[in-house]
Amino acid sequence: MDIIDIMQTNREKLNRFLSGKYSFNDYLSISSYFKNEECNEELKKQMEVEWNETKPTEDNKERLAGILNRLHDHINSTGRIKETVFQSFYNVFSKIAVVLLIPALITVGVLSYFSINSPKKVESWAEIHSPIGSRVKFQLPDGTQGWLNSGSSIKYPVNFAQNRKVEMSGEAWFDVVHINSDGFRVLTPYLDVKVLGTQFNVNAYDDDITTGVILERGKVIVLGKDESVKGELDPNQQLIYNKSTKKLVKSSIDAKSYTSWKEGLLVFKNATMAEIAKRLERRYNVEIILHGDALKASIFRASFQDENLEDICKMLSTVAPIQYKIHKRLQQPDSTFLKKKIEMWLK
């Protein structure tokens, strides 16, 4: 089939295209005509048919009136032109408009098709991670600074300036930069924290039974995942959410004793041995086995600063009737090592 036959066969596609009722396949066919040099002569004939069949309509006149009036004003400023010439130009321009619409429609067709059919943009995120046994200081694009505790991570959208939010797991301390009318959010699986500018701590480890928010300075609003307000905190207040019972408890505390981990301090004030063991496990990447409920419930007050784990065990055994055993790390068949294991008992 030669070019003329192809063009004649697709005459209906051209008509649909001109009427605006065309498919993407119609667009591809019409577009190929303009790209194919062999179609040039036949295209001229098709355009000539459109030229001869097209007559000025009232609708065309209304749409062209604004353009022609501006042209007329310009002509008047440079010299008069005869009305008959102007009217002839109007009639000719009405016909030319049909021919000029074809490439314009192709452009619109491309934009419309890809606008409708292109996949939605996927939001890009950046992530900061703190390995087990370490602390990591971070700074976000808006100047907000903070610390990540052992085994914690946060991620934030790359377009952070337009969307000030972070998703986190583990434990993090934030010093949020205040920007007028631009809130900052910390998102966890169970609670969200909404702030304008403040210092606070969020504890949201996956394997903990609770999620907690501690306010050091400023003011925060704690929200449920349904956007309901769960509580507002003032400095030196803590809100704890129990994942099992779904209950919230707000209490007054000494915030710095809970957030001092970022300076390398471990401060325990009336903490149970079970709580101490959990924090030591994360800090030193070890497994601590407590034998007996009495030991787990024992209350301690202690402060440690960058001591090694064996020294901490010795200190605990000097202030309480505790005995302990530190097991060597075992090497596995794949040459990796298991966590160091520590067992503790009451004497």
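F138, Y156, F160, F174, F184 and F200 form one aromatic cluster. Rings of Phe, Tyr and Trp (its six-membered ring) pair if their centres lie within 6.5 Å; planes under 30 degrees apart count as stacked, over 60 as edge-to-face and the rest as tilted. The model is predicted: local features need pLDDT of at least 70, side-chain atom pairs count only at pLDDT 80 or more, and totals for chains, interfaces and linings use all residues. Residues are numbered from 1 along each chain as its sequence is written, and side-chain values use heavy atoms, with hydrogens and water left out.

The structure holds seven aromatic pairs. One of them is F138 with F174, edge-to-face, 5.8 Å centre to centre and 70° between the planes. F138 lies in strand β2 and F174 in strand β5, so the pair ties together parts 36 residues apart in sequence. Strands are DSSP runs (E, at least two residues), numbered from the N terminus. F138 and F174 are both buried, meaning under 20% relative accessible area with a 1.4 Å probe, protein chains only. F174 also pairs with F200, stacked, at 5.2 Å centre to centre and 20° between the planes. F200 is in strand β8 (residues 199-204), 26 residues from F174.

Now the strands. β3 (residues 145-148) runs antiparallel to β2 (residues 136-139), joined by four bridges; strands pair if DSSP finds at least two bridges between them. Q139 has Q145 as its bridge partner in β3. Four bridges also join β3 to β5 (residues 165-175), again antiparallel. There, G146 partners F174.

Notes
Buried means under 20% relative accessible area, exposed over 50%, partly exposed in between (1.4 Å probe, protein chains only).
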